[in-house]
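Morning, everyone. Let me put one model on the screen and walk through its packing.

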Amino acid sequence: MKPFDVLVTYIGWANGGKRRPVLIFKCVGEYVLIFRITSQFEVKSEAIRSRYFKINDWKQAGLDKQSYVDIGSLHRAKETVFSNAPGIGRLTESDKKRLIEFLTQNEV
């Protein structure tokens with residue numbers, strides 16, 4: 001597991017959860033910092049869409065459809081949480097560079 005890998009893992013929320021793709025952003029000791037990935041864009045408000053980074057090369061990242069990295073919140077979890085999470089792909093160099101620029105512009 002390395003930064004910019006895309007994995008599928010269970011993401012929980014208040015009333016349930018489901019298996020979702022996530023982007024490994026950074027590995028820090030025994031922790032991993034992740035961003036959630038979503039395909040829901042059109043139905044979101046302008047404020048929410050402004051924090052979604054479009055993955056241009058989504059097929060190369062192992063995703064089934066056009067997807068977005070939600071930079072609205074960076075999540076931290078122990079690395080062991082992802083020990084059984086299947087890796088499905090990786091951001092291309094082009095998308096990595098664009099994401100870093102997007103994060104810099106949005107002060108994340």
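This is a predicted model: local features need pLDDT of at least 70, side-chain atom pairs count only at pLDDT 80 or more; totals for chains, interfaces and linings use all residues.

Residues are numbered from 1 along each chain as its sequence is written, and side-chain values use heavy atoms, leaving out hydrogens and water.

The core. The largest nonpolar core has 16 residues. By nonpolar core I mean buried Ala, Val, Leu, Ile, Met, Phe, Trp, Tyr and Cys residues joined through side-chain atoms within 4.5 Å. Buried is under 20% relative accessible area, exposed is over 50%, and partly exposed is in between, with a 1.4 Å probe and protein chains only. Leu 23, Ile 55, Val 69 and Leu 99 have the most contacts inside this core.

Now the rings. There are 3 aromatic pairs. Rings of Phe, Tyr and Trp (its six-membered ring) pair with centres within 6.5 Å; planes under 30 degrees apart are stacked, over 60 edge-to-face, the rest tilted. Phe 53 and Phe 102 make a tilted pair, 5.6 Å centre to centre with 55° between the planes. Both Phe 53 and Phe 102 are buried.

Last, Asp 5. Is Asp 5 buried or exposed? Buried, at a relative accessible area of 13%. Its contacts, meaning heavy atoms within 4.5 Å, include Val 22, Leu 23 and Gly 89, leaving aside residues up to four places away in sequence.
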